[in-house]
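Open the model in your viewer and keep the sequence panel beside it. The stops below each give a selection and then what is there.

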Amino acid sequence: MTDLTRELEVLGPDDVHVFFFHTSQIAGDPLVRACEALLTDEEKARRARYIFDKNKLEYLATRTLARTTLSRYARVAPEAWRFTPNQYGRPEISGPDGAPRLRFNLSNTVKLVACAVSLDRDVGIDVEDSTRSGETVAIADRFFSDQETKELRALPASRQHRRFFEYWTLKEAYIKARGMGLALPLDGFSFLLGREDRDPRDGRGPRVGIAIDPKLEDDAATWEFEQFSPDADHFAAVAVRKRGGAGARVTIRRVDLSVDRGAVSASASAWASASAPGGSPGAG
Ligand SMILES: CC(C)(COP(=O)(O)OP(=O)(O)OC[C@H]1O[C@@H](n2cnc3c(N)ncnc32)[C@H](O)[C@@H]1OP(=O)(O)O)[C@@H](O)C(=O)NCCC(=O)NCCS
């Protein structure tokens with residue numbers, strides 16, 4: 001059973017905490033069984049419907065990450081959380097009664113899953129496996145804004161792959177933070193990358209800007225974005241809505257799963273505070 005007397009972690013109003021782990025961690029009977037025990041009957045049924053084992057594992061990993069992450073901040077057992085999707089499919093917390101106003105967003109790939117959590121702030125996260133095959137610039141023509149496609153095409157071929165995934169993850173993180181997914185037109189907003197100016201807070205990377213078409217009814221100035229590479233194969237981006245002009249403090253941690261008296265234990269160690277993709281991870 002989960003220890004509900006443990007110390008809770010603090011999530012301040014300006015904090016966004018990001019957690020990730022590699023799905024390959026869920027191996028061996030005791031851990032697999034402990035993770036399965038966190039799922040509701042409905043989740044177990046959904047997992048069973050996946051044909052391939054790799055997708056079953058991805059689903060189990062995502063549920064495990066979401067539930068153990070939320071339980072860091074509330075005296076709620078990981079298996080007790082209940083979720084209801086909004087009209088666009090984004091899960092939000094719907095139980096148990098009295099749970100704090102946590103917001104979270106999930107992203108999963110076959111090899112890696114990630115979860116961003118905040119206190120009552122719009123937040124979205126996207127992770128992509130950059131090793132998968134596909135004609136990147138051709139895809140950009142279909143999904144990116146004209147400005148983004150133009151900037152991408154103007155780059156030397158050697159830089160296009162990385163830039164493509166930067167755009168992709170940022171665009172997905174934004175539409176996920178809005179909670180609307182592909183109901184938002186992907187060419188209705190443009191990311192402004194590669195600018196020379198540095199973030200005055202700590203100079204850790206080029207600032208990411210966004211321009212939003214008025215028809216999307218959103219204020220570009222209220223958003224900020226972080227990018228990071230959980231490993232050499234994956235790109236990730238986080239979108240956070242500022243509150244009252246206050247910027248967000250994004251911290252990233254890698255989760256290590258183990259089994260403790262039959263229950264999942266999810267310890268987390270510091271990754272980087274936030275670094276541009278390709279940047280080296282910080283010490284833990
Ligand atoms: C569903 C969508 C919100 C994200 O899809 P995705 O990038 O394939 O998947 P991710 O792993 O990043 O995110 C999936 C998770 O996001 C959450 N999610 C679902 N709908 C969401 C929504 N409307 N808003 C925010 N999050 C949502 C869910 O938790 C989901 O995981 P779950 O079903 O296991 O609970 C949507 O943007 C989509 O279908 N994208 C397809 C990719 C694409 O064509 N992109 C165009 C190029 S930029």
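**Around the ligand**

Start with the ligand shell: E4, E6 and H6 each supply at least two of its residues. Helices (H or I, at least four residues) and strands (E, at least two) are DSSP runs, numbered from the N terminus. This is a predicted model, in which local features need pLDDT of at least 70, side-chain atom pairs count only at pLDDT 80 or more, and totals for chains, interfaces and linings use all residues. Residues are numbered from 1 along each chain as its sequence is written.

Select the 22 residues that surround the ligand; Tyr88, Gly89, Arg90, Ser107 and Gly181 are the closest. A residue is near a molecule if its C-beta atom, placed from the backbone, lies within 6 Å of it. H6 gives the most to this shell, with 5 residues. Colour the shell by class to find 9 nonpolar, 8 polar and 5 charged residues. Here Ala, Val, Leu, Ile, Met, Phe, Trp, Tyr, Cys and Pro count as nonpolar, Asp, Glu, Lys and Arg as charged, and the others, Gly among them, as polar.

**The hairpin**

Next select strand E2 (residues 82-85) and strand E3 (residues 91-95), which pair in the antiparallel sense over 4 bridges. Strands pair if DSSP finds at least two bridges between them. Threonine 84 in this pairing stands opposite glutamate 92 in E3. E2 and E3 form a hairpin with 5 residues between them, and glycine 89 in the turn has a positive phi of about 100 degrees. Gly89 is also one of the closest residues to the ligand.

**The sheet of 3 strands**

Which strands make up the open sheet with antiparallel pairing? Select E6, E10 and E9, in that order. At its edges are strand E6 (123-129) and strand E9 (223-231), each pairing on one side only. Neighbouring strands of this sheet are turned by 15 degrees against each other on average, direction ignored. E6 is joined to strand E10 (residues 234-241) by 7 bridges, and the two run antiparallel. Within that pair, glutamate 128 stands opposite phenylalanine 235 in E10. Axes are lines fitted to C-alpha atoms, for helices over the stretch in contact, and angles run from 0 to 180 degrees between N-to-C directions.

**The core**

Select the largest nonpolar core, of 63 residues, where Val18, Ala114, Cys115, Ala116, Ala173, Val238 and Ala239 touch the most other members. Helix H6 (residues 157-177) contributes the largest share, 9 residues. Such a core is a set of buried Ala, Val, Leu, Ile, Met, Phe, Trp, Tyr and Cys residues joined through C-beta atoms within 7 Å. Buried means that 20 or more other C-beta atoms lie within 10 Å of the residue's own, with C-beta atoms placed from the backbone. Centre on alanine 239: leaving aside its neighbours within four places in sequence, its contacts are Val123, Gly124, Ala173, Tyr174, Ala177, Trp223 and Phe225. Two residues are in contact if their C-beta atoms, placed from the backbone, lie within 7 Å.

**The sheet of 5 strands**

Finish with the open sheet ordered E4-E5-E1-E11-E12, which has mixed pairing. Strand E4 (102-108) and strand E12 (263-270) are its edges. Strand E11 (residues 249-260) and E12 run antiparallel, joined by 8 bridges. Helix H1 (residues 29-36) packs on the sheet, touching E11 and E12.

Note on methods:
Buried ≥ 20, exposed ≤ 12 C-beta atoms within 10 Å, placed from the backbone.
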